[in-house]
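Hello,

Here is the structure for you to look over. My notes on its interfaces follow below it.

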Amino acid sequence: MLQQSIIEDLIHASLSTGGDFAEIFVEDKFNSNISLVGGKIENSVSGRDYGIGIRIFQGLNSVYAYTNEHDREKLLAIAAQAAKAIKGGPTNITLDFTRKSFQTRHPILKYPRHVPKTEKVEVIKNVYDIAKNYDEQISQVSVSYLDEDQKVLIANSEGKFVEDQRVRSRLGIQAVATKGTEMQTGFYGPGAHKGFEFFDQIDLNHYGSEAARIAVTMLHADECPSGQFPVIIDNEFGGVIFHEACGHGLEAAAVAKKNSVFADRIGEKVAPDIVTYIDDGTLANEWGSANVDDEGEEARKNVLIENGILKGYLIDKLGARRMGTESTGSSRRESYKYAPTSRMTNTFIASGKSTPEEIIANTEYGIYAKYMGGGSVNPATGDYNFAINEGYIVRDGKIAEPVRGATLIGNGPKTLQKVDMVGNNLAHGQGMCGASSGSIPANVGQPTIRVSEITVGGRKEQ
Amino acid sequence: MDIIQFKDKLFEQGKQMGFLDMEVYYQKNGKFSTKIYKGEVDDYSIANDGGISLRGIYKGQMGYAYAEKIDADSIQLLLDEAIDNANILDSEDQETIFEGSPSYEKLDLYSEKLDLLSSEEKIDLAKQLENECFSLSDKVDSVNYCVFQELNSERMIANTKGLEVSEKGNVAYIFVSVVVKEGEDIKNASKLTLTRDLSSFEPALVAKEVVNEALSQLGADSIESKKYPIILKNKAAASLLQVFSSSFSAENVQKGKSRLQGKLGREIANEIITIVDDPHKEDGFASRSFDSEGVATKRIEVVSKGVLNTFMHNLKTAKKDNVTSTGHGSKGSYKGTIQLSPTNMFIEPGETSYDDLVKGEREAIVVTDLQGLHSGANPINGDFSLAANGYLVRDGKIDRPVNQITVAGNFFTILEQVETVGADLEFTLSNGYIGSPSLKIKSLSIGGK
């Protein structure tokens, strides 16, 4: 991807002014995006990203430069310009790269670049037909398809020299249901660290009809009431709340500067006993997985909260320096255009003992969030908000009428304290997570859980 | 290989491979960014990058491809991929390559002075801003973001029909966010400043605004769920307009993804509402003299005194509706296809000051901030249910801060029910540079306790 001799020269140039660590990240990535609207392929774009990121540390100071030049002289000039931000004499090091090779945990069966686009179109049109024909009230279906093949090379002044290849595929299905002037939408977005074989392995029928069913169900739903209620959040993508409201607070980016309520609390009780929270970048072929992180550290399973006790954080190299500890293989970035930082991979609440049926049956009145939408959190305060894409009233231990337009709001660490039932049906959902090192694929996951009280905002007239 | 050689070779080889018309879109960016934390340079980054995309008509369809490496290999890649992509399209609305507008507005979007500023001066300015924030109150616990960025970019469109246009611009982007603390109570406020003229940037004033806003939220609590008269503060109103600006896109209208379908020429808002999109606004940060198809841009009134005047068009949607393009063809970057988006879009301000809006209310909620706009708002039907912060107004005065509430309603209903338009126009940056004054609305549902 880039000659070893150029990489060596770049590291030496980066350390010419007193830096104590330098890292070169080379990325060569092929992307293909196809979208269909109303049964017709409207857009198809593909292309190649190529660029280099140079990072220099001096103690806790960090300098980052990126470019898509590939010429030796131009690259050296950029390394020198970055080094100028550090003031000192040259650091002499002897570079001795140990090339690390490994058996991939995430085998790819059909590399997307070798699959004719017409086969991709077949998958897209197939899932379109499933969603469109689900119900006559489905007025519009859009399908987006993406595949990417990212090769990375990471080398640093400590002698690391590692390459990895991440292949990912994803579908996004959006269905619109219409009745008169009313419109409601449903969405499903399955994805994996897999090639085109992903679409042979998944049940397209399930995803296509679920997107349509959500839209039609919401078309006939009443507005959600406002107030504070017990809320049952279903498994899979429901885990997005704890991703936003707790996961980000466990990242070194927040913890090292003590901008997190979880800072300095290892060993303390931060959640009820029934809550165990894990980040696992090793799960085979999962959306958020990779063999190594974007600093070349091997991916691993990190237990963050175990039976309610805070056990660990997600830590990158710079975060580790700040905290006086080691990296946890959690450093990620969208592309060479971002300096990496501590991020989540596949994060989930571990399975508990209750069956989903028991959880519903034990709830006299509340809200059942079958599918969650997106949301956001203020990292400084932990306050979050999330949309419910498909919701129901729970009455007398039974799922009653559907409700729409509901938003859940609250404070992450406080909501965590109020988890009072955890189901036994763990599942993972796919999302894109945005933070300072860009937008990256991440799994969120959980079994069905119940929170004793969350503020629900709806439009139902009081 | 330089970009002109690259383009000439690409067009030549493309003709041989069977392309009819072809166009390249080239973009080059430069960036300097620094983040200050507790008086130290916490982050320092520099970049120069860019990319090129090809679009070309192959067997009647427009094929797209892009690359970031300007070398001989990329020429073949671009042409092969564009053919593969064209071959699977079955869109009936044909895109065209444009020969150019008769003339283009000359816009001054580049400040040499800003370009020449040294990195030390930029770092000092950010340090000064952080320092000012800490000096204002002991309750300032941290300044969690204090970022100075200087961004410059140049874009060029050239095609085989003879169009060749380019434009460059730069901007200083200064973002500060403070966290204030009183006991266990933590509150946060932030402000983004965009400017090409740093002499107009006063760190002390910005610090005061953001610290006061954060302090004013201390002690906030939820409130009883019911309908309240609402003052939607300027930035909150602008963020709503940003989400629903997609309703004015002709593409969404034609595809049945806008509630404004069939409403052209009809009253869709109170007559005190005029919505403008002005790509020539000199202090606007989405300004441009030509759009991503090379069409000359112009000021339009999307809504004039409550009446829906026009949609935003690109060449394709204009052809379909038998009108001319309004110059709103856009691309997210060289990686994108032609879409539609606003430039500097805003609700025209009225006469009433924000203070007078507050004075007029016996009991009302001022909504200063809306969260979760990408998930809690439905851009098609206008419905929203969003987490919010603000203040409770009693007897014409701010009574106390309010948080942990949701505000729910419908954007199009708001446009109809606006009672007063404020004079305090402010802009936010997100998919366009979108602005609004504060709006007094009859009532919205607040969810709280």
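In chain B, 17 residues of domain 2 are in contact with 18 residues of domain 3, where contact means heavy atoms within 4.5 Å. B:Arg155, B:Leu194 and B:Ser216 supply 34% of the area that domain 2 of chain B buries against domain 3 of chain B, more than any other three residues. Between them these two domains of chain B bury about 1300 Å², 53% of it on carbon and sulfur atoms; buried area is the accessible area (1.4 Å probe) that two parts lose on being put together, summed over both. The centres of domain 2 and domain 3 of chain B, taken over C-alpha atoms, are 24 Å apart.

This is a predicted model, in which local features need pLDDT of at least 70 and side-chain atom pairs count only at pLDDT 80 or more, while totals for chains, interfaces and linings use all residues; side-chain values use heavy atoms, with hydrogens and water left out. Residues are numbered from 1 along each chain as its sequence is written, and chains are lettered from A and ligands numbered from 1 in the order in which they are written.

The bounds in chain B are 3–30 + 47–87 for domain 1, 112–216 for domain 2 and 220–449 for domain 3. Such bounds come from an automatic or database domain assignment.

Between domain 2 and domain 3 of chain B the rule finds zero salt bridges, a salt bridge being a side-chain nitrogen of Lys or Arg within 4 Å of a carboxyl oxygen of Asp or Glu. The count of residue pairs in polar contact between these domains of chain B is four (both at pLDDT 80 or more). A polar contact is a pair of N or O atoms within 3.5 Å; within protein, one must be able to donate a hydrogen and the other to accept it, and residues adjacent in sequence count only if both atoms are side-chain atoms.

On the side of domain 2 of chain B that touches domain 3 of chain B, two or more residues each come from strand E4 (140–159), strand E5 (164–182), strand E6 (185–195) and helix H5 (203–216) of chain B. Helices (H or I, at least four residues) and strands (E, at least two) are DSSP runs, numbered from the N terminus. E6(B) gives the largest share of that side, seven residues. By class, the side of domain 2 of chain B that touches domain 3 of chain B has six nonpolar, four polar and seven charged residues. Here Ala, Val, Leu, Ile, Met, Phe, Trp, Tyr, Cys and Pro count as nonpolar, Asp, Glu, Lys and Arg as charged, and the others, Gly among them, as polar.

Chain A is divided into domain 1 (4–220) and domain 2 (223–457). Their contact takes 53 residues from domain 1 of chain A and 45 residues from domain 2 of chain A. The two domains of chain A bury about 4000 Å² between them, 50% of it on carbon and sulfur atoms, and their centres, over C-alpha atoms, are 22 Å apart. The rule finds eight salt bridges across the interface of domain 1 and domain 2 of chain A, and 30 residue pairs there are in polar contact (both at pLDDT 80 or more). The largest share of the side of domain 1 of chain A that touches domain 2 of chain A, seven residues, is from E6(A). That side of domain 1 of chain A divides into 19 nonpolar, 18 polar and 16 charged residues. Within chain A, the side chains of A:Arg404 and A:Glu182 form a salt bridge (3.1 Å, N to O).

Now the interface between the chains. Chain A gives 71 residues to the contact and chain B gives 73 residues. About 5700 Å² is buried between chain A and chain B, 48% of it on carbon and sulfur atoms. Nine salt bridges cross the interface of chain A and chain B. One salt bridge joins A:Lys125 to B:Asp90, with the closest N and O atoms 2.6 Å apart. The rule also finds 37 residue pairs in polar contact between chain A and chain B (both at pLDDT 80 or more). Strand E2 (residues 40–58) of chain A gives the most to the side of chain A that touches chain B, with eleven residues.

Regards
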